[in-house]
Amino acid sequence: MLKELERKMQSEKSLLGGQLGFESLQKALQENRAVCIAKGAEIIAFGALWPRENCIELGSLWVATNHRNQKLGSQTFNSLVGMVPVGSVFFLITHEPAVVHLATKHGMIEASAGNWTEVVPWSASCGPCDRLCENQKITCPFRAVSLECRMFLKK
Ligand SMILES: CC(C)(COP(=O)(O)OP(=O)(O)OC[C@H]1O[C@@H](n2cnc3c(N)ncnc32)[C@H](O)[C@@H]1OP(=O)(O)O)[C@@H](O)C(=O)NCCC(=O)NCCS
């Protein structure tokens, strides 16, 4: 089941590929920092909390194509928010309108390009990104840009 999930998630352009390997998905589940909804033998929704420096990324939110727009994304997102340890800073990076809606609904505040590194260190927000190579990241033109990378966070 997890191998199939890995394959499907890896094919999504909006998801960060680096952390979607079988082993990291399995580890997230074993460490109780992932939400996984199954129907029969198929995983139909997934999301995980990824520990970063002094904060947590809520990410890898995914719903199977034929189960979208049925609130499974909302359900998964709500469960993940409920799993964040009290007092932790958590954030997400997205350009998906549905995820922007969920982040705002949960009181997460959007970062601007100017304050992007104020709460979440650069290495935590953009370190795992595989869109640009390391030496280009500091001048990344995609941060805080609609349809590119928008960061939402909650302290
Ligand atoms: C993004 C994704 C997880 C959403 O899953 P889903 O099950 O279709 O989402 P839901 O039906 O639960 O809708 C989520 C919420 O967004 C709202 N929504 C849906 N489309 C929206 C849109 N275009 N604009 C604003 N809000 C929208 C829904 O009304 C719902 O909010 P509500 O619970 O307050 O009513 C799913 O489309 C997906 O897996 N996409 C591919 C991977 C991806 O892009 N993941 C996100 C990476 S950040």
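Reply: Two strands pair if DSSP finds at least two bridges between them. Strands (E, at least two residues) and helices (H or I, at least four) are DSSP runs, numbered from the N terminus. This is a predicted model: local features need pLDDT of at least 70, side-chain atom pairs count only at pLDDT 80 or more, and totals for chains, interfaces and linings use all residues. Residues are numbered from 1 along each chain as its sequence is written.

Me: What stands opposite Leu-153 in β6?

Reply: Ile-109 does. Strand β5 (residues 109-110) pairs with β6 in the antiparallel sense, over two bridges.

Me: Which residue is the bridge partner of Phe-90 in β6?

Reply: That partner is Lys-154. Strand β4 (residues 90-94) and β6 are also antiparallel, with five bridges.

Me: Is β6 mostly buried or exposed?

Reply: Four of the five residues of β6 (150-154) are buried, meaning that 20 or more other C-beta atoms lie within 10 Å of a residue's own, with C-beta atoms placed from the backbone.

Me: Now the ligand. How many residues surround it?

Reply: There are 21, and the closest include Ser-14, Arg-68 and Pro-97; a residue counts if its C-beta atom, placed from the backbone, lies within 6 Å of the molecule.

Me: Which element gives the most to that shell?

Reply: Helix α4 does, with six residues. The elements giving two or more residues are β3 (55-63), α3 (72-83) and α4 (97-105).

Technical notes:
A residue is buried if 20 or more other C-beta atoms lie within 10 Å of its own, exposed if 12 or fewer, and partly exposed in between; C-beta atoms are placed from the backbone.
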